[in-house]
Amino acid sequence: MSGKLYLVATPIGNLEDITSRAIRILKEVDYIVAEDTRQTLKLLNHFEISKPMISYHRHSKEEKVQEIIEKLKQGKNMALVSDAGTPVISDPGEEIVKNAIKEKIQIISIPGPCALIAALIASGIDAKEFTFLGFLPLNKKTRKEKLKEIENAKKTTILYEAPHKLLSTLADLKEVTSNRRIVLAKEITKIHETYLSGTAEELLAMQEEPKGEFVIIIDKCSFDEENKFEKMSLEEHYKFYQDQGYEKKEIIKQIAKDRKVKKDEIYKQFL
Ligand code: SAM
């Protein structure tokens, strides 16, 4: 019989943030698959766990995935962990999970800390609906596309960012978010945990040399506030929704709603 694959969330700073179930699973499995074995060793030592580890990181080859799957098929139980937080979320592991599903290996999620959720709930920004974009791409074209998506976002957007790239990302966000509120959630669960709130421009002025870890939470685009549609021609307004893949009927309905006029009035304009 195949073994089980446990996806185990680990602390994002404060070592108290680990569930008792996570500790039990780490003690019980045959192997721990870790993004950085040295990093995970610190965690294991803290909880007095001694376990063979297999290194698996974003540069690992396909053979490594197969090696792990083979061990699972031989009946070994494994726990997958990343350096911090929830594995697979902007961290390695997706390929292992996909392959394990193909092989009908039982997968068990052991939930726990995840920086994006911890940041969102403390931000005070609408948490009912949100889009998580992970790290913004560095490639110019795809980055521009993502920034466009943020510009028109009708839901809260969440980004991860490395400290040395924070200023350039805030500068890009300044161009697309104007006066929308942004929260920088810094060093969550650590001694210097801070939440900074302001427009991208204000946040840029507050940062000199960003240090530590950051999650960026961006409020949705509030069209009423910015009178964005009033500044657009009807054709631009139409194209705005067309570019998002809406059908004509839906576009007309949406335009009427944005401009607070009857649908018929908009229909007539397009006849
Ligand atoms: N899988 C992890 C999770 O569940 O959150 C995320 C891993 S990703 C490689 C690392 C990024 O998560 C950092 O660059 C930062 O944006 C965010 N992050 C992780 N820990 C954080 C913390 N304690 N405070 C703020 N942001 C954090």
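Helices (H or I, at least four residues) and strands (E, at least two) are DSSP runs, numbered from the N terminus. The model is predicted: local features need pLDDT of at least 70, side-chain atom pairs count only at pLDDT 80 or more, and totals for chains, interfaces and linings use all residues. Residues are numbered from 1 along each chain as its sequence is written, and side-chain values use heavy atoms, with hydrogens and water left out.

**Exercise 1. Overall description**

State how many helices and strands the protein has, what its C-alpha trace spans along the principal axes, and what percentage of its residues count as buried.

Solution. 
- Step 1: the protein has 12 helices and 10 strands.
- Step 2: the C-alpha trace spans about 70 × 45 × 30 Å along its principal axes.
- Step 3: buried means under 20% relative accessible area, exposed over 50%, and partly exposed in between (1.4 Å probe, protein chains only). Of the 271 residues, 42% count as buried.

**Exercise 2. The largest nonpolar core**

Find which residues touch the most other members of the largest nonpolar core, and which element gives the core its largest share.

Solution. 
- Step 1: a nonpolar core is a set of buried Ala, Val, Leu, Ile, Met, Phe, Trp, Tyr and Cys residues joined through side-chain atoms within 4.5 Å.
- Step 2: the largest such core has 18 residues, of which Y6, V8, L26 and A79 touch the most other members.
- Step 3: at least two residues each come from strand 1 (4-8), helix 1 (20-28), strand 2 (31-34), helix 2 (37-46), strand 4 (78-81) and strand 5 (106-110).
- Step 4: helix 1 gives the largest share, four residues.

**Exercise 3. Positive phi angles**

Locate S178 and E187, give the phi angle of S178 and that of E187, and decide whether S178 is buried, partly exposed or exposed, and likewise E187.

Solution. 
- Step 1: S178 sits in the loop between helix 7 (166-177) and strand 8 (182-186). Its phi is near 35 degrees, a positive value in a residue other than glycine.
- Step 2: S178 has a relative accessible area of 46%, so it is partly exposed.
- Step 3: E187 belongs to the loop between strand 8 and strand 9 (194-198). Phi of E187 is near 50 degrees, again positive in a residue other than glycine.
- Step 4: E187 has 15% relative accessibility and therefore counts as buried.

**Exercise 4. Salt bridges**

Count the salt bridges, then describe the pairs E94 with K98, R38 with D36 and E213 with K190.

Solution. 
- Step 1: a salt bridge is a side-chain nitrogen of Lys or Arg within 4 Å of a carboxyl oxygen of Asp or Glu. The count by this rule is 13.
- Step 2: in the pair E94 and K98 the closest N and O atoms are 3.0 Å apart. Because the two residues are four apart in helix 4 (residues 94-102), about one helical turn separates them. E94 is partly exposed at 42%, and K98 is partly exposed at 43%.
- Step 3: R38 and D36 meet through their side chains at 3.6 Å, N to O. R38 counts as exposed, at 63% relative accessibility.
- Step 4: E213 and K190 have their closest N and O atoms 3.0 Å apart. This pair links distant parts of the chain, 23 residues apart: E213 is in the loop between helix 8 (200-206) and strand 10 (214-218), and K190 in the loop between strand 8 and strand 9. K190 is partly exposed, with a relative accessible area of 27%.
- Step 5: salt bridges that share partners join E70, K73 and E103 into one network.
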